[in-house]
Amino acid sequence: MPPAVPEAIPPWEELAARVRGELTRSAGSLARVRGDGSHLRGDPGGLLTPADPEDVVEVVRWARRHGIGVVARGAGTSLDGESVPATGSLVVEFTGWDRVLEIDVEERLVRVQPGVVNHRLQEELRGHGLFFPPNPGSWRSSTVGGNAATNASGPRSLKYGPTRRWVRGWEAVLGSGERLRAERRAPKRSAGPDLVGLLVGSEGTLGIFTELLLEVAPLPEVRQAVVVPLPGVSQAVPAARAILRGPKRCAAVSALEFVDATVAGLLHEIPPGRLPAGRPLLLIELESRERSRGEDLAELAAALAGLGLDGEAIEFPNADEMWTLRGESGLALDRAYGERIREDVAVPLGAVGRLFQEIDRIAEELGVPLYTFAHLGEGSLHPNFVVDPASPTAERIRRELFDVVHRLGGTLSGEHGIGSLKAPYFELEHGRAGAEALERIRQQFDPDGILNPGKLYPRRSAPAGEGAPPHARSPSVEADGRTPPA
Ligand SMILES: Cc1cc2nc3c(=O)[nH]c(=O)nc-3n(C[C@H](O)[C@H](O)[C@H](O)COP(=O)(O)OP(=O)(O)OC[C@H]3O[C@@H](n4cnc5c(N)ncnc54)[C@H](O)[C@@H]3O)c2cc1C
């Protein structure tokens, strides 16, 4: 009798034997990581909490051998399917990787594991008089790994810029299985392209962070805030221009936000009802020295004088009180409106007025309720269309909105990312040649297309194109993504 051919070990058993971390395929555990903050849901094949970076290397090598997708996951708060696993993928969860490894107060650098929650990092830094400037609305739950992978930003990005500005290095496992460290401890560098920045915003498609080196900033002495009621939406951009770019601009402003009358109505309902109802509002934060508190407020008032703003401004000596109110409006909006499209587009400040008009037109033509809030100073708008996000109407809204934004010289995502929801529009953002160049870069980092399949790239020439295995299909958008859905 010929010797028996040894049976191939099934892929998941092989993985279990190779890693030290906890691997589970139980339905309950997988159900927990099927989705993110969007309406999309995936069908993962397994969930692993890696024990160490070597586990992540093992995972990637295993995934390449078997053609199985690998999705890094932080807190799962992304809003466009960024962390929703393609069918059969392995989810690699980092929430347990939450240690702050080093705080170098002198150089203003911190080394962290990617699963540390933004809020907890801020707590640890406060005692040293420091903070990490990127402050997405989800900062109480989202991880810095997720923040870096999506290039997240928040209200204070007006002054401090997005996460990319603050990531000074990482250790990552690339899609090739190579473990690579790239960092810049010197405050500046002019030595070739920016390898560190390349992985920031790549949504886990080029490499998986196992460590991050972050720059941090000194805490400002005073953060105060002012809410300014506007007669109407059309006054928002002139006011923003006057504050940020006018001859009497106010240099202390670190955040300049907008909420429309609908959101203002909900803010008014929140006790003690300090904010007026019925009008759009500007929410402004100022960073001051204790001794220049009053001067900075006077400078802001001077910048706004002559614009015909007749409402009474409301001052918050501690800016956090204003942000807490604004944060609560999110919950109130969830209760009041439920499912909706939470868009995230950005245009040059000069085009924001036009964008407001176009958003209104789209909502009106389709008979869809709309409310909008915005990181106005950065031209970054979150129009919320109250419609089933999986419906054909929702797709039509996205297509029309992205066309408008493209014509206005803007971007499909100011801060949330592309995920799988916007992947079919990637070419609209970058142009055909640009999208192809990015795709070629991805192929160098991830030759088999195993990292977060179906996200970001059109994947024209990747193995995940037509006839791709099921793992390469994103939850709601087919992976080849050549044509934006009609
Ligand atoms: C209420 C609410 C408010 C929000 N406000 C904002 C806001 O103001 N600004 C903003 O920018 N976003 C905002 N978001 C979106 C979201 O919170 C951010 O994109 C956040 O950065 C995601 O972090 P996370 O830990 O949840 O990442 P996840 O959702 O788990 O993952 C996001 C992406 O990062 C990748 N990733 C995660 N960990 C790693 C890793 N270790 N290595 C490589 N890739 C990894 C994932 O694969 C995925 O592509 C908000 C979301 C909600 C629900």
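Domain bounds, as I use them here, come from an automatic or database domain assignment.

**Ground rules.** I noted that this is a predicted model, in which local features need pLDDT of at least 70 and side-chain atom pairs count only at pLDDT 80 or more, while totals for chains, interfaces and linings use all residues. Residues are numbered from 1 along each chain as its sequence is written.

**Ligand.** I looked up where the ligand sits: domain 1 (11-93) and domain 2 (100-218) both give residues to the shell around it, so the ligand lies between them. I found 37 residues surrounding the ligand, the closest being Gly74, Gly137, Gly146, Ala149 and Gly204 (a residue is near a molecule if its C-beta atom, placed from the backbone, lies within 6 Å of it). Strand S3 (70-73), helix H5 (144-150) and strand S10 (207-215) each supply at least two residues of this shell, and H5 gives the most, with 5 residues (helices are DSSP runs of H or I with at least four residues, strands runs of E with at least two, numbered from the N terminus). By type, I recorded 11 nonpolar, 21 polar and 5 charged residues in the shell (Ala, Val, Leu, Ile, Met, Phe, Trp, Tyr, Cys and Pro count as nonpolar, Asp, Glu, Lys and Arg as charged, and the others, Gly among them, as polar).

**Helix pair.** I then turned to H12 (residues 352-366) and H13 (residues 392-407), which pack at an angle of about 155 degrees with their axes 11 Å apart (axes are lines fitted to C-alpha atoms, for helices over the stretch in contact, and angles run from 0 to 180 degrees between N-to-C directions).
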